[in-house]
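This report covers the pockets, cavities and sheet arrangement of one protein model. The sequence and structure come first, followed by the description.

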Amino acid sequence: MVVTEADPYTNDKSIYDSMIKHEKYLNIYSIDASHTVGWMREAKRVLANETFNYDYLFTRVSKKSNYSNFKRGKGTYLIAYHTEGYSSVCDTYDRIINYANDKSIELQGFFYEDVLLDDLSVRGYEEYLIKISVQILTIHASQ
């Protein structure tokens, strides 16, 4: 992946600015951006219930790319799909965290947001299909 740092979230403009900065980075290095841009949030911060903020943006690149600056860890991931656009994406984060807590699953690394259906596929921002995934560290046996 190619990863760039996200600006702190203050409003929709900060999201836009982060995306522009990411696209500029891709363009400077002539990186093939055939995949959509995704977002990353540090799991520790999400689990600590810190204010909603993205840490990084990412774009997948081929394994042969000289510009890859991040590798997603191998392992098992807990995945949820969010079908109601970005304004309520926090609800799906809550579902993931509640599920992990109920099943005694420990999470690590980053939460990854991949937009699977966007403006090219659906009508409007609130119909985006977003895949949210986070790596499982351990599953503790129930007492």
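The second largest pocket of this predicted model holds about 330 Å³ of space. Its lining is made up of Met-1, Arg-60, Val-61, Ser-62, Lys-63, Ser-68, Phe-70, Lys-71, Arg-72, Gly-73 and Lys-74. Sorted by class, five of these lining residues are charged, three are polar and three are nonpolar.

Over the whole structure, one cavity of 30 Å³ or more is found. The largest cavity contains about 30 Å³ of space, and the residues that line it are Arg-41, Arg-45, Val-46, Glu-50, Thr-51 and Asn-53. The lining of this cavity comprises three charged residues, two polar ones and one nonpolar one.

The two spaces are set out below.

| Space | Volume | Lining by class |
|---|---|---|
| Second largest pocket | about 330 Å³ | three nonpolar, three polar, five charged |
| Largest cavity | about 30 Å³ | one nonpolar, two polar, three charged |

Six strands form an open sheet in the order 1-3-2-5-6-4, and their pairing is antiparallel.

Strand 2 can be followed through its pairings. With strand 3 (residues 56–59), strand 2 pairs in the antiparallel sense over three bridges, and Trp-39 is placed opposite Leu-57 of strand 3. Strand 2 and strand 5 (residues 105–117) also run antiparallel and are joined by four bridges; here Met-40 stands opposite Tyr-112 in strand 5.

How far is strand 2 enclosed by the rest of the structure? Of the five residues in strand 2 (residues 38–42), four are buried, so the strand is largely enclosed by the rest of the structure. Buried here means under 20% relative accessible area.

How values were computed:
Residues numbered from 1 in each chain as written. Predicted model: local features only at pLDDT ≥ 70, side-chain atom pairs only at ≥ 80, totals over all residues. Heavy atoms only, no water. Buried < 20%, exposed > 50% of the residue type's maximum accessible area, 1.4 Å probe, protein only. Helix = DSSP H or I, 4+ residues; strand = E, 2+ residues; numbered from the N terminus. Pairing = 2+ DSSP bridges. 1 Å grid on protein atoms, 1.4 Å probe; cavity = no way out; pocket = protein on both sides within 12 Å on 5 of 7 lines; lining within 4 Å. Points joined across faces, edges and corners; volume = space filled by probe spheres on them. Nonpolar A, V, L, I, M, F, W, Y, C, P; charged D, E, K, R; others polar.
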